[in-house]
Amino acid sequence: MKNFFKIAAFTLVDQMKYKSFYVLLVISILFVLMIRGCYQGEYIVNGNQINNITLAWYVSKIVFQIIVAGMFLMVSILSMKIFSKDEKDGSLILFLSRPVFRWQYVLGRIAGTWALCFVFMFLLHLTIFLTLWQKTGSPIPSYLTASLVCSINLLFVIVCVCFLSLFMPDFISAVFTMGILLVGFISDGGYQILNNEIAKSTVPSIANTNLALWRILYPKVFMVQAYADSIISQSQMRSMGPFHPMLNLSVFILLIMILLLLSFNKKEI
């Protein structure tokens, strides 16, 4: 395990040495801070004016999800070149020429990339947390808990892109992974919409439609996001199938990780 941690730490440090990382982080934080302008204004819903604290609460939740969506793109870009970059510049041979197992190299690279992306996302969510704290006067730690929950989605994207990059061009593997996420968001998002109180009262026949098996077993990236939102809102999430979305996605990550390790072991270096 010592080699695993060394490779993970090397990956983290290697990515952080680029100035573009810090530039992007600063720009993202400034963007989140600029959203504070939306926390104030006069909005009327059903004849009632929304106070600034309630407005800040809803806007911050939207920004929270936008950050995670943006992280999907960033994670895909970083993950798609993990193996191909090392193969081109000779780093792969350098790693494996030492007493390092292939699984240590693969898992170390993935863990380092995951840690970097999680820290990036957590800092942005922390900015929301501090901004909302300053606005409302009381801390809401559920934002940070929800950020930890969302990190499993980042790991799923990394593992999926890395696995597909063994068989597809780098860019195509990232696009294919985004397609997997899009199908899940449409399927699970549609389920959430059709099962809200308005849809149930308007079209009860659609809301009670039985779900296809593939929709129940499909990777629940969207549902993990919904679960994170329920943590922030302290509300109950509408479940989709008998399995918790965290368990569903964990199983997929484990299966893809096993396939990735088996495929990489057969790869000629």
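This is a predicted model: local features need pLDDT of at least 70, side-chain atom pairs count only at pLDDT 80 or more; totals for chains, interfaces and linings use all residues.
Biologist: How close does helix 6 come to its expected span?

Modeller: Helices here are DSSP runs (H or I, at least four residues), numbered from the N terminus. The expected span is 1.5 Å times one less than the number of residues. Helix 6 covers residues 102–136, 35 residues in total, and its first and last C-alphas are 50 Å apart, close to the expected 51 Å. Just after helix 6 comes Gly137, with a positive phi of about 90 degrees.

Biologist: How many salt bridges are there?

Modeller: The rule asks for a side-chain nitrogen of Lys or Arg within 4 Å of a carboxyl oxygen of Asp or Glu. That gives six. One of them pairs Asp229 with Lys61, at 3.9 Å from N to O. Asp229 sits in helix 12 (residues 221–233) and Lys61 in helix 3 (residues 52–79), so this pair ties together parts 168 residues apart in sequence.

Biologist: Are those two residues buried or exposed?

Modeller: We go by relative accessible area: buried is under 20%, exposed is over 50%, and partly exposed is in between (1.4 Å probe, protein chains only). Asp229 is partly exposed at 24%, while Lys61 is buried at 13%.

Biologist: Which residue does Arg109 bridge to?

Modeller: Arg109 meets Asp86, with 2.8 Å between N and O. Arg109 belongs to helix 6 and Asp86 to helix 4, so parts 23 residues apart in sequence are tied together. Arg109 is buried at 5%, and Asp86 is buried at 2%.

Biologist: And what about Asp170?

Modeller: Asp170 forms a salt bridge with Lys81, at 3.9 Å between the closest N and O atoms. Asp170 is in helix 8 (residues 170–194) and Lys81 in the loop between helix 3 and helix 4 (82–89), 89 residues apart. Asp170 is buried at 15%; Lys81 is partly exposed at 41%.

Biologist: Now pockets. How do I read those?

Modeller: Rolling a probe the size of a water molecule over the atoms shows where empty space is left. On a 1 Å grid over the protein atoms alone, a pocket is an open set of points where a 1.4 Å probe fits, with protein on both sides within 12 Å along at least five of seven lines; lining residues have an atom within 4 Å of a point. The volume is the space filled by probe spheres set on the points, which are joined across faces, edges and corners.

Biologist: What lines the largest pocket?

Modeller: The largest pocket holds about 640 Å³ and is lined by 27 residues, with Phe21, Leu24, Met74, Ile77 and Leu78 nearest its centre. Helix 3 gives the largest share of that lining, eight residues.

Biologist: And which residues lie nearest the centre of the second largest pocket?

Modeller: Those are Gln65, Phe222, Gln225, Ala226 and Asp229, from a lining of 21 residues. The volume of the second largest pocket is about 520 Å³. Helix 3 again gives the largest share of the lining, seven residues.

Notes: Residues are numbered from 1 along each chain as its sequence is written. Side-chain values use heavy atoms; hydrogens and water are left out. Helices (H or I, at least four residues) and strands (E, at least two) are DSSP runs, numbered from the N terminus.
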